[in-house]
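Dear colleague,

Please find the structure below, handed over for your use. My notes on what was found in it follow directly after.

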Amino acid sequence: MSARHVDRAIEALARSRHGVYSRRQALLTGASASIVDRRVKSGTWLRLASSLHALAGNPATWHRQVTAAELSVPGSAVCRVICTGLPRCPVGERAVSRPW
């Protein structure tokens with residue numbers, strides 16, 4: 001897959017996730033490790049955490065932070081705590097795993 005196709009696929013994916021996506025998701029769209037590394041190095045993609053990225057053009061909103069937290073630890077209680085009291089959770093309704 002060409003780099004242009006990868007960029008379009010990532011933009012479509014990120015659009016629905018407040019600009020956030022995982023390295024694994026990028027690789028599944030057809031990006032190679034070198035494409036991911038080049039995009040991060042050029043500043044087109046931001047590295048938010050070890051395997052978590054965001055498009056540089058998306059603002060650093062709390063929606064992005066919640067989505068990043070949910071992607072970092074899928075199904076964790078972090079989203080439920082952040083979303084408590086909000087009319088609608090920005091990451092959607094998801095089951096919460098409890099370790100106890």
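Leaving aside neighbours within four places in sequence, Ile35 is in contact with Ala3 and Val6, where contact means heavy atoms within 4.5 Å. Ile35 belongs to helix 3 (residues 33-42). Helices (H or I, at least four residues) and strands (E, at least two) are DSSP runs, numbered from the N terminus. Ile35 is buried, at a relative accessible area of 7%; buried means under 20% relative accessible area, exposed over 50%, and partly exposed in between (1.4 Å probe, protein chains only). Although Ile35 and Ser2 are 33 residues apart along the chain, 9.8 Å separates their C-alpha atoms.

Please note that this is a predicted model, in which local features need pLDDT of at least 70 and side-chain atom pairs count only at pLDDT 80 or more, while totals for chains, interfaces and linings use all residues. Residues are numbered from 1 along each chain as its sequence is written, and side-chain values use heavy atoms, with hydrogens and water left out.

Overall organisation

The protein chain contains five helices and three strands, arranged along the sequence in the pattern α-β-α-α-β-β-α-α. Of its 100 residues, 34% are buried. Among contacts with a separation of 6 or more, 47% are between residues 24 or more positions apart. The accessible surface is about 6100 Å², and carbon and sulfur atoms account for 57% of that surface; these areas come from the Shrake-Rupley method with a 1.4 Å probe, and for residues only the protein chains shown count as cover.

The nonpolar cores

A nonpolar core is here a set of buried Ala, Val, Leu, Ile, Met, Phe, Trp, Tyr and Cys residues joined through side-chain atoms within 4.5 Å. The largest one has eleven residues: Val6, Ile10, Ala14, Tyr21, Ala26, Ala31, Ile35, Val36, Val40, Trp45 and Leu55. Helix 1 (3-15) and helix 3 are the elements that give two or more residues to this core. A second, separate core has five residues, including Val20, Leu52, Ala68 and Leu71. Within the largest core, Val36 touches Arg23, Ala26, Leu27, Ala31, Trp45 and His53, not counting residues up to four places away in sequence.

Which residues of helix 1 are buried? They are Val6, Ile10 and Ala14. Seen down the axis of helix 1, the buried residues fall within an arc of 60°, so they line one face of the helix; the arc is that of the directions from the helix axis to the C-beta atoms. An α-helix has 3.6 residues a turn, so residues three or four places apart point the same way. The face turned away from the buried side of helix 1 carries the exposed residues Arg4 and Arg15. The cover over the buried residues of helix 1 includes strand 1, helix 2 (23-28), helix 3, strand 2 and strand 3 (52-55).

In helix 3, the buried residues are Ile35, Val36, Arg39 and Val40. They cover an arc of only 130° around the axis, which puts them on the same side of helix 3. Lys41 and Ser42 are exposed on the other side. The buried residues of helix 3 pack against helix 1, helix 2, strand 2 and strand 3. Gly43, which follows helix 3, has a positive phi, near 90°.

The aromatic pair

Rings of Phe, Tyr and Trp (its six-membered ring) pair if their centres lie within 6.5 Å; planes under 30 degrees apart count as stacked, over 60 as edge-to-face and the rest as tilted. This rule gives one aromatic pair. The ring centres of Tyr21 and Trp45 are 5.3 Å apart and the planes stand at 80°, so the pair is edge-to-face. It links distant parts of the chain, with Tyr21 in strand 1 (residues 20-22) and Trp45 in strand 2 (residues 45-49), 24 residues apart. Tyr21 is buried at a relative accessible area of 0%, and Trp45 is buried at 2%.

The loop between helix 1 and strand 1

Gly19 lies in this loop and is buried, at 0% relative accessibility. Not counting residues up to four places away in sequence, Gly19 touches Ala14, His53, Ala54, Leu55 and Asn58. His18 is in the loop between helix 1 and strand 1 as well, and counts as partly exposed at 29% relative accessibility. The phi of His18 is near 55°, a positive value in a residue other than glycine.

Yours sincerely
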